[in-house]
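Here is a short briefing on one protein chain. Keep the structure open while you read.

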Amino acid sequence: MDRKKAKEIIKAIAKKEGKDEKMIREEMKKAIATGYKNAGKQEMWIDLFGAGYIPDPEEFIMRIGSQVKGEYDVKRMIF
């Protein structure tokens, strides 16, 4: 998946939720930060994004999207 497709996904979520894209991005940033802070998931986080790195919403969608295709154990991705 590329950045353009990730942006399209955010746009589709915004439309479905009846919110603007900026609000969806802010909500996603908060959720991503919460996941980053989860001490029990740091090993998985480092595997996905690298130590000390918090991705933007598009990067998060791209990485997780590729993992869902089978490159990572999806069951471990629950925050």
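**Overview**

Buried residues make up 29% of the protein's 79 residues. The model is predicted. It has four helices and zero strands, in the order α-α-α-α along the sequence.

**Surface and contacts**

- The accessible surface of the protein is about 5500 Å². Carbon and sulfur atoms account for 54% of that surface.
- Among the protein's contacts with a separation of 6 or more, 48% join residues 24 or more positions apart.

**Helix H1**

- H1 covers residues 3-17, which is 15 residues. From first C-alpha to last, H1 reaches 21 Å, close to the 21 Å expected at 1.5 Å a residue.
- The buried residues of H1 are Ala6, Ile10 and Ala14. Viewed down the helix axis, the buried residues of H1 fall within an arc of 85°, so they line one face.
- An α-helix has 3.6 residues a turn, so residues three or four places apart point the same way.
- Lys4, Lys11, Lys15 and Lys16 are exposed on the other side of H1.
- Just after H1, Gly18 has a positive phi of about 70°.

**Ile10, on the buried face**

- Ile10 sits in helix H1. Its relative accessibility is 1%, so Ile10 counts as buried. The cut-off for buried is under 20%.
- Leaving out residues up to four places away in sequence, Ile10 touches Glu21, Ile24, Arg25, Met28, Pro57, Glu58 and Ile61.
- One of these contacts is Arg25. Ile10 and Arg25 are 15 residues apart in sequence, and their C-alpha atoms are 7.3 Å apart in space.

- Glu58 lies in helix H4, which spans residues 57-71.
- Is Glu58 buried or exposed? Glu58 has a relative accessible area of 3%, so it is buried.
- Which side chain makes a polar contact with the side chain of Glu58? The partner is the side chain of Arg25, at 2.5 Å.
- Leaving out residues up to four places away in sequence, Glu58 touches Arg3, Ala6, Lys7, Ile10 and Arg25.

**Where these parts meet**

- Ile10 touches both Arg25 and Glu58. The side chains of Glu58 and Arg25 make a polar contact with each other.
- Ala6 and Ile10 are among the buried residues of H1, and Glu58 touches both of them.

Note on methods. Residues numbered from 1 in each chain as written. Predicted model: local features only at pLDDT ≥ 70, side-chain atom pairs only at ≥ 80, totals over all residues. Heavy atoms only, no water. Helix = DSSP H or I, 4+ residues; strand = E, 2+ residues; numbered from the N terminus. Buried < 20%, exposed > 50% of the residue type's maximum accessible area, 1.4 Å probe, protein only. Polar contact = N/O pair within 3.5 Å; in protein donor to acceptor, adjacent residues only side chain to side chain. Contact = heavy atoms within 4.5 Å. Expected span 1.5 Å × (residues − 1). Arc of directions from axis to C-beta. Areas by Shrake-Rupley, 256 points an atom, 1.4 Å probe, with all protein chains shown as cover.
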